[in-house]
Amino acid sequence: MTQAATVETRPARRASRITPVSVFLWALRIAILAIILYGSYLSISSGRLSAAQWRDLFVFGISTGSMYALIALGYTMVYGVLRFINFAHGEVFMVGAMMAFYVANALAVTPLWTSSPAVSLLIVLVAAMFTSTAIAVIIERIAYRPLRGAPRLIPLITSIGASFTIQYLVRGLVGPATKSFPRMEPLRGTFEFGGFVILKTQLVVIVAALVMMGGLYLFVEKTRTGKSMRAVAEDPETAALMGINVDRTIVNVFAIGGAMAGVAGALWGLVFPSINFFSGFLPGIKAFTSAVLGGIGNIVGAMLGGVSLGIFESVGPSLVLAGYEIPAFSQLKDVVAYAALVLVLIFRPTGILGERLAQERT
Amino acid sequence: MTTNGAPPPVLSLKGVNTHYGAAHILKDVDIDIHAGEMVCLLGGNASGKTTTLKTMLGYLRPSSGTVYMDGENVNGWSTAQRVGHGLTMVPENRRLFKRMTVKENLEIGAYLRQSDDLDADYERVFEMFPRVKERLTQKAGTLSGGEQQMVAMGRALMAQPKVLLMDEPSMGLAPVLVAQNFEIIEQINKAGVTVFVVEQNANMALSIADRGYVLQTGKIVLDDTSQALLANPQMRAAYLGDV
């Protein structure tokens, strides 16, 4: 099909730059933009939501998005070094969230939970981080390393298998019931500074995610291990010839991606306090979308993509869809998220910060 | 390996066969490189030159035969171990990490020397290539071909090589730059680094090398001093452009 399309468009392109396909795509662009703008105009002019409510949606989007961003880092870094999508990464996140639940539950009955919530939260975070790191490294060792020389489609399919394996392993170990995270009293309510009101849980999520992402960025840019990761991502053969142990670098990438997903898992429990063995699927897909949105393979792109996607799906339904009197518009946030993915793939396949990867590695 | 007290070659291949998948690339290759020498390996396209280098570095494993470093069998060593023991390669077409800065490229060259003090090494590179110092914070991909060659050489020198493996240093460079590059290679060799140059440009390589090997479809067909090779009629017809 693609071949036929290229054959048809080539002579036309030689004659002039305007092809039926590009006319169609431009029409689509304009139509989509018109729908978005008109919907936004209708929503805003109807005055259905107050400024404070818009702000709340926005902040909620940022906090959810920063968790997507943390998970997206794992997708994008693994893609960077191995050029395949690790679809089991959502499960790495889920296992971290699950461990966070168990640790939090155990801590909730101790005096520590109320006396020093910050310490408790830190323990939960670290436990989730280590669990997810371990799972990510184990998946790499068992499922991907034996396939190192195989065509890229093979590890991709394997990752889907690994994803199901982990889901049902967790289901078998902890049961299918949805578990609810214990509440953390000091994190109830809102925090206010200079007239700006934000839910405390959201503030914790945003701050923690920012710290992790900042730390990761510095790590990748400044440390020897980080530089070896970038070298392997750019040219694994030359990196190996320079004496970099490529296998070990790949393990590092999985470990760091896992750690970020683990932190996201623990934070997730603060905002959405129910979790089961299937909870990794949707955030995983959203994070993958974020990685593509930001430009797969690009670390800063994954961060931007995650936050953007969080904002789109939080603000989007009320902004665009509500204006058209769609009855259950708030149920359509996933539609907005995936529509964003499709539109990015059509109009800017390289994502926000992406480079043309196909040309970099031949 | 050692006989009558003479030091063993710093690097040698003995009866090496290397396969690339089903393809038999190197066939019973014997190469000896002694300390301080400059040796070249000549051959046309697809004769197995790069495979020879990758086998030396352990990036490819021989299906039979042995790689020795200082007389020690290193078949079981990883590439990193061999690089750590002073075997360093400047790959064909330079292969810099283009999205990384020049400084970072040099750092990757010194990747296995994490505990060493690198200041003197940087100074040595900057002295040899003042341009590299000017471009230090620039992304390597933004440099000209000649500058990239300098960075590639600098990156290799940062590893403090005992044996420098050069894969087609004349590839993709303007003639002026090729001559300049070979001067630098000579200079590095005079400073005590053993050099093994793989080249298609036989005239250029033989003009600076002590000895040469000629590789033809994976077999060493000639092995002599540079003068003898330059005078060899068979050689002149096949590689030196005589008609």
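In the predicted model, strand β1 (residues 11-20) of chain B is joined to strand β4 (residues 64-69) of chain B by five bridges, and the two strands run antiparallel. One of the residues involved is Leu11(B), whose bridge partner in β4(B) is Met69(B). Helix α1 (residues 49-57) of chain B packs on the sheet and touches β1, β2 and β4 of chain B. The direction of α1(B) makes about 115° with that of β1(B). The sheet as a whole is open and consists of four strands of chain B in the order β2-β1-β4-β5, with antiparallel pairing. Its edges are formed by β2 (23-33) and β5 (72-73) of chain B, each of which pairs on one side only.

A further open sheet of chain B contains six strands, arranged in the order β6-β7-β8-β3-β9-β10, and its pairing is mixed. Strands β6 (87-90) and β10 (219-225) of chain B stand at the edges; each has a single partner strand, so one side of each is left without a neighbour in the sheet. From one strand to the next, the twist averages 20°. Within this sheet, strand β3 (residues 38-42) and strand β8 (residues 194-199) of chain B run parallel and are joined by five bridges. In β8(B), Val198(B) is the bridge partner of Leu41(B). Helix α7 (residues 175-190) of chain B lies across β3, β7 (163-167) and β8 of chain B, and runs at about 155° to β8(B).

Chain A comprises 15 helices and four strands. The radius of gyration of chain A is 22 Å, which agrees with the value near 21 Å that a compact globule of 362 residues would have. Along its principal axes, the C-alpha trace of chain A spans about 75 × 65 × 40 Å. Of the 362 residues in chain A, 44% are buried. Among contacts in chain A with a separation of 6 or more, 77% are between residues 24 or more positions apart.

The contact between the chains takes 14 residues from chain A and 19 residues from chain B. On the side of chain A that touches chain B, helices α9 (224-234) and α10 (236-241) of chain A each supply at least two residues. Helix α9(A) gives the most to this side, with six residues. By class, the side of chain A that touches chain B has five nonpolar, four polar and five charged residues.

Methods: Residues numbered from 1 in each chain as written. Chains lettered and ligands numbered in written order. Predicted model: local features only at pLDDT ≥ 70, side-chain atom pairs only at ≥ 80, totals over all residues. Contact = placed C-beta atoms within 7 Å. Nonpolar A, V, L, I, M, F, W, Y, C, P; charged D, E, K, R; others polar. Rg over C-alpha atoms; globule rule 2.2 N^0.38 Å. Buried ≥ 20, exposed ≤ 12 C-beta atoms within 10 Å, placed from the backbone. Pairing = 2+ DSSP bridges. Axes fitted to C-alpha atoms, helices over the stretch in contact; angles between N-to-C directions.
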